[in-house]
Amino acid sequence: MAPGVLFGGLAAVVSVVAIGRAWAACDVGGGGNGITLLLLAPVIWVAAAVPWLVLHGTLGRRGRRHRGAVLAVGLVFTLWFTWFLVTWLGIPDAYPAPLCPGNVPPWWPDFLPT
C-alpha cells in the first residue's frame, strides 16, 4: 500500500504542477485555475494509487519473486498516467493559444508527444 500512496502522491504533484505551468505559459483560463488544480490533485492521487493497490493485491501476494514486476509495472503505469494527464488536461487542443504555437508550451520537450 505504501508504494501506491507514495507514487500516487508524486504523480498528483507532478501532474498538477506541469498542468499549471502549461496553462500559465499558454495563458489558458483565468483566476480559477488554482482552485481547479487544488480540487484535481486528490482525484489524481486516488486514480494513480488504485492501480498500485490492484497490482499489489494480484501480483504482490504471490511471494517475493514478483515484487520487481509489481514495481516495474506500477512505475510504467504511473509515468504513462502522468504523461496522459498533462497532455490531456494541460494542453487543450480546442483553446486558442496565441502564446503557444500548436497549444504546446515552449518548455515541453520535443521528444515527448502531445
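Predicted model: local features only at pLDDT ≥ 70, side-chain atom pairs only at ≥ 80, totals over all residues.

Me: How many helices and strands does the protein have?
Reply: Three helices and zero strands. The order along the sequence is α-α-α. Helices here are DSSP runs of H or I with at least four residues, strands are E runs of at least two, and both are numbered from the N terminus.

Me: What does UniProt list as "transmembrane region"?
Reply: The unreviewed UniProt entry lists residues 34-56 and 68-91. Such annotations may be inferred rather than shown by experiment, and the positions use the numbering used here, with feature names shortened.

Me: How much helix is in residues 34-56, and how much in 68-91?
Reply: Residues 34-56 are 100% helix and 0% strand, with end C-alpha atoms 34 Å apart. Residues 68-91 are 92% helix and 0% strand, and their end C-alpha atoms are also 34 Å apart.

Me: What share of the protein is buried?
Reply: Of its 114 residues, 33% count as buried. Buried means under 20% relative accessible area, exposed means over 50%, and partly exposed is in between (1.4 Å probe, protein chains only).

Me: Switching to rings. How many aromatic pairs are there?
Reply: Six in the whole structure. One is F7 with W52, stacked at 4.9 Å centre to centre and 15 degrees between the planes. That pair links distant parts of the chain, with F7 in helix α1 (residues 2-26) and W52 in helix α2, 45 residues apart. Rings of Phe, Tyr and Trp (its six-membered ring) pair if their centres lie within 6.5 Å; planes under 30 degrees apart count as stacked, over 60 as edge-to-face, the rest as tilted.

Me: Are F7 and W52 buried or exposed?
Reply: Both are buried.

Me: Why do F77 and F81 count as stacked?
Reply: Their ring centres are 5.5 Å apart and their planes meet at 15 degrees, so the pair is stacked. Both sit in helix α3, four residues apart, about one turn of the helix. F81 is buried at 12% relative accessible area, while F77 is partly exposed at 25%. F77, W80, F81, F84 and W88 form one aromatic cluster.

Me: What does T87 touch?
Reply: W108, P113 and T114, leaving out residues up to four places away in sequence. T87 lies in helix α3 (residues 67-89) and is buried at 11%.

Me: Last one. Which residues form the nonpolar surface patch?
Reply: V46, V50 and V54, with about 250 Å² of accessible area together. V54 is in helix α2 (residues 33-58) and is partly exposed at 48%. Patch residues have over 30% relative accessible area and no salt bridge; like charges are joined within 9 Å, nonpolar side chains (Val, Leu, Ile, Met, Phe, Trp, Tyr) within 5 Å. A salt bridge is a side-chain nitrogen of Lys or Arg within 4 Å of a carboxyl oxygen of Asp or Glu. Accessible areas use the Shrake-Rupley method with a 1.4 Å probe; for residues, only the protein chains shown count as cover.

Key: Residues numbered from 1 in each chain as written. Heavy atoms only, no water. Contact = heavy atoms within 4.5 Å.
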